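Here are a few exercises to work through with the model open. Try each one before you read its solution.

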Amino acid sequence: MEKDITIKSGPIRLEGRFFKGSEDRAAVITHPHPLYGGNMDSPVVLAAQEAFLEKGFSTLRFNFRGTGESTGMFDDGKGERTDVIKAMAFVHETGIPSIHLAGYSFGAWVNAGALAENSIEVADHIMVSPPVAFLNFDDITESFHTGLVVTGSDDTIAPPGLIRKYLEKWNSDTEIKILDGCDHFYAGFTETLTRTITAYL
């Protein structure tokens, strides 16, 4: 059962939910854009979490600053990168050594930025619909942590062709899965997303 927890990120207090499963590995999962209604209860976040739960992971999902009951204000991705680092630190403090990082849309962008500018140890990094046609990924020069990218064939915010171009620069070994007929919001495709991530794990 998930427990309500609070993560300290400087003066900010982040609202989160933590499920303690495995003692050895956990997944931190980040949510879509808060200015467009994104939060940790996004159906896509929950679908990704379900995949990790099926594989026995501990999981942490949380609301970025200024979202839900988290204090502070939206910081256009900068402060949110710090939130990711603090969420990972919270998991490490529970004694779990290995962390998988996963994010959907805005969350995938924030995670990639956090990995690029910080020396973070992650076991793996999964991006669900990284919004390459909506947000600036130019400061991401590599993403060797990234093992899997999932997007939809009809996703105009995370178009497969543009993602492939970025992967040539980031990590040509990254696996990309394209869900036929799926758009950016995964309506009717959340179970397919869960199966896709579970199969990868």
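**Exercise 1.** Does K20 count as buried, partly exposed or exposed, and at what relative accessibility?

Solution. Keep in mind that this is a predicted model. Start with the cut-offs: buried means under 20% relative accessible area and exposed means over 50%, with partly exposed in between. K20 comes in at 35%, so it counts as partly exposed. Now look for its partner: the K20 side chain meets that of E23 in a salt bridge, 3.4 Å from N to O.

**Exercise 2.** Find the salt-bridge partner of E117, and work out which elements the pair ties together.

Solution. First, the partner is R81, with the closest N and O atoms 2.8 Å apart. Finally, check R81 against the under-20% cut-off: at 11% relative accessibility, R81 counts as buried.

**Exercise 3.** Which residues have the most contacts inside the largest nonpolar core, and which element gives the largest share of it?

Solution. The core has 38 residues, and V28, L60, V91 and F137 have the most contacts inside it. The largest share, seven residues, comes from α3. Then zoom in on V28: among the residues it touches are L60, V91 and I99.

**Exercise 4.** How many nonpolar, polar and charged residues are in the lining of the largest pocket?

Solution. The pocket holds about 270 Å³ of space. Closest to its centre, among 17 lining residues, are P32, Y36, Y104, H184 and F185. Sorted by class, the lining has 11 nonpolar, six polar and no charged residues.

Key. Residues numbered from 1 in each chain as written. Predicted model: local features only at pLDDT ≥ 70, side-chain atom pairs only at ≥ 80, totals over all residues. Heavy atoms only, no water. Core = buried A, V, L, I, M, F, W, Y, C linked by side-chain atoms within 4.5 Å. Buried < 20%, exposed > 50% of the residue type's maximum accessible area, 1.4 Å probe, protein only. Helix = DSSP H or I, 4+ residues; strand = E, 2+ residues; numbered from the N terminus. Contact = heavy atoms within 4.5 Å. 1 Å grid on protein atoms, 1.4 Å probe; cavity = no way out; pocket = protein on both sides within 12 Å on 5 of 7 lines; lining within 4 Å. Points joined across faces, edges and corners; volume = space filled by probe spheres on them. Nonpolar A, V, L, I, M, F, W, Y, C, P; charged D, E, K, R; others polar. Salt bridge = Lys/Arg side-chain N within 4 Å of Asp/Glu carboxyl O. Lists of a residue's contacts leave out its neighbours within four places in sequence.
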